[in-house]
There are 2 protein chains.
Amino acid sequence: MTEPVTEAPVVKIGLLGRGTVGGAFHDLVADRAEAVAASVGARPEIAGVLRRGEGSFEEILAASDLIVELIGGTDPAREYVLAALEAGKPVVTANKQLIAQHGDELFAAARKAGVELRFEAAVAGAVPIIRTVQEGLGTIEIERVSGIVNGTTNFILSEMASSGASYEEVLARAQELGYAEADPSDDVEGADAAAKMAILARLAFHTPVGLDAVSYEGITEIRPDDIAYAKELGLSLKLLGIAERHGDGISVRVFPCLLYAGHPLAPVEGPFNAVTVEAPAITEITISGPGAGGVETASAVLADVVSILGGEAPPHHAEERLEVLSDLESSFYLHLEVADRPRVLAAIADVLGRHEISVKSVVQRGEGTDARLVMVTHRTPEAAFYDALEEISGLDFMRAPARALRVVEEEYR
Amino acid sequence: MTEPVTEAPVVKIGLLGRGTVGGAFHDLVADRAEAVAASVGARPEIAGVLRRGEGSFEEILAASDLIVELIGGTDPAREYVLAALEAGKPVVTANKQLIAQHGDELFAAARKAGVELRFEAAVAGAVPIIRTVQEGLGTIEIERVSGIVNGTTNFILSEMASSGASYEEVLARAQELGYAEADPSDDVEGADAAAKMAILARLAFHTPVGLDAVSYEGITEIRPDDIAYAKELGLSLKLLGIAERHGDGISVRVFPCLLYAGHPLAPVEGPFNAVTVEAPAITEITISGPGAGGVETASAVLADVVSILGGEAPPHHAEERLEVLSDLESSFYLHLEVADRPRVLAAIADVLGRHEISVKSVVQRGEGTDARLVMVTHRTPEAAFYDALEEISGLDFMRAPARALRVVEEEYR
């Protein structure tokens, strides 16, 4: 077993926040102090804990060699982290909003002070995706980062797919199980995933990516029959974040999206997270694991602390300034509830044809008042598709607004 | 775009070996030199290349700041790497046999000289599993590492499953496609996977693991009907490496094995590699990607070079001495070709019962000269199972030797 390394100097950690992750981190430090001492020659010890309305940040900062920020939110977290960096103390945070909204300011402060700012736990909990993008892939040119980075929505979509239940029913179940919060809007509307994708895009492409550069849609409009039809076509539905490089431009988006079975993210079920990184030099690499959980997140925070104590520093990259693009191409799934009468398909095909949208597959389902057309298109400019969609929605035989979802069309493996 | 960083000092790389990976690495260095300079402030340059019968190792060593060993095999690679480390020069290698067989000696030489020895590309090509186990997970206590670490065998098993073709037919196809070598024995008999699992076990458990500590079986005896029956039971067949900690003991094994659909390695198809790391603090993390390929492997080598130039050092861990255990438990799939007559099942149930093996599911198939029993057992001591297997094979109604495969029984997710 590990021998005590009694001579290892103590490193004092100031812990800001004592919620679920803070508590788990506190216990983990006590549990792993000897192992950390054996590994990097320094024994971590909690010097002070700042709770809501208890403790003084200034006193804790003065007594600490390193700050761990687990308060969440941006105020007062931003102020505390800036003060710690300016005092020359490295910081580890699990705070995605802080990094997504104030990353540039914080990175600049860390560089100026010559200390580290690490944030592995801010994206995908225990899954070491930040480290892999920053350090594990050297200096390859990343083409695309695709991620299931919100466990709540992946749980809901998995449950809808396996049970056939409605979004509302499954959301209620997720809330009972603790996978969704009482107010789930941040997760289900896509904002949480958008903040994480902004962070990943920044690291992958070495360019500032503000939250306003990320367009996002959530899963609140998804209906069970979309998932069922998609399944028949061999597709599964995920809330996907996709950050792509297009020459000197990038796009960063979050949307519900259909994946073919061969896609590396297609098998990711339940409250798990997974991220796929694509580049010519590595083909594709996928990392998956639990996206949240107190112990898992605390473990990612401790790994960052260990890296700082061990003197590892993520490489600095030359900054680029890439434009955020919005005129993109996608393949689409299209679900049309139509009247059951002749020439309906011809009329729709005519609209699609005039917009130069070519159809990959089309299935006609039901009859009478339940007639519907389910199609998948080839890759097409999104603007043209949405123009066509508007035109189709205005046709007199449409019984309900047209429904559309993006499809990741590339062939994997 | 990236600005040239003209003032960055040059780091001279001595390249040993100029095969597929060596050639790809040579090109990659030329292509990424500016990006590396921008990232870590040092521009890599190939100072000399040692080819078979061309170039002098001593001259290349003297002219280099860092050695990249891509010769393969252990002789003269071991001698060259030792000489480089003793000369105080960091080494990056992609050589699994070198690390698996001579790791202890080489790690000691690196520690003594105070220089780094990195080997990400030795296991699973571009998939950054070494880095994740060494650095990405901090100091958590790893319980189990399971891996599909041989792309050739995973390709063969995937093809057998999808086509129903025999091992021999699919091997021939794999050889045509370049996924299997002319002499495939190292891959298909499990020795290649065993060397990689020895390396992963060493890093996961901080204990010396010699090649002789790894028991292995290959896939040459697998028949299409085993895969077909397993599929009916919801199981898929993989050649799996499993390194587990049991208190103060470990086991490291490679064997063909059946996985339930929920297992994180079950969806890994084709020539891909994937490794799952399990620990209470992280639940489970899975990394997957291409297991080989010149560019992919070269890219992992360059990531190691960048880490060395950036001054990152993997943490040192206190050494443990864990015993290698062999009295383990497994769940088994059992395939028995029997005569079609009364009391056959009762006789088999009697043998299993006397060895305290309980059966989870049993299916009777075929009749007359094609009658067979396919069963899955609950977890049972392996020694008891093999005793029972021998006894069953001696029963007079058996038409062929009994066939058995391990099943990973744990429920995932």
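Modeller: A:His206 counts as buried because 20 other C-beta atoms lie within 10 Å of its own, and the cut-off for that label is 20 or more. The model is a predicted one, and the values below are computed from it. The phi angle of A:His206 is near 55°, which is a positive value in a residue other than glycine. As for its place in the chain, A:His206 sits in the loop that runs between α9 (191-205) and β7 (215-216) of chain A. By the domain assignment, chain A has domain 1 (10-122), domain 2 (129-289) and domain 3 (329-408).

A:Arg343 also has a positive phi, about 70°, although it is not a glycine. The cut-off for exposed is 12 or fewer. A:Arg343 belongs to the loop between β13 and α12 of chain A.

Those two elements lead on to a helix. Among the elements that cover the buried residues of α13(A) are β13 (329-337) and α12 (344-354), along with β16 (380-381) and β17 (403-408), in chain A. The buried residues of α13(A) include A:Phe385, A:Ala388, A:Leu389 and A:Ile392. Viewed down the axis of α13(A), the buried residues fall within an arc of 105°, so they line one face of the helix. The length of the helix can be checked as well. Helix α13 of chain A has twelve residues (residues 382-393), and at 1.5 Å a residue it should span 16 Å; the end C-alpha atoms are 16 Å apart, which agrees.

On the scale of domains, the centres of domain 1 of chain A and domain 3 of chain A, taken over C-alpha atoms, are separated by 52 Å.

The backbone has a further feature to note, in the peptide bonds. A:Asp75 and A:Pro76 are joined by a cis peptide bond, with omega about 15°. A:Pro76 is in the loop between β3 (66-69) and α3 (77-86) of chain A. In chain B, the bond from B:Asp75 to B:Pro76 is cis, and omega there is near 10°. The loop that holds B:Pro76 lies between β3 (66-69) and α3 (77-86) of chain B.

Definitions and conventions
Residues are numbered from 1 along each chain as its sequence is written. Chains are lettered from A and ligands numbered from 1 in the order in which they are written. This is a predicted model: local features need pLDDT of at least 70, side-chain atom pairs count only at pLDDT 80 or more; totals for chains, interfaces and linings use all residues. Helices (H or I, at least four residues) and strands (E, at least two) are DSSP runs, numbered from the N terminus. The expected span of a helix is 1.5 Å times one less than its number of residues. The arc is that of the directions from the helix axis to the C-beta atoms. Two residues are in contact if their C-beta atoms, placed from the backbone, lie within 7 Å. Domain bounds come from an automatic or database domain assignment.
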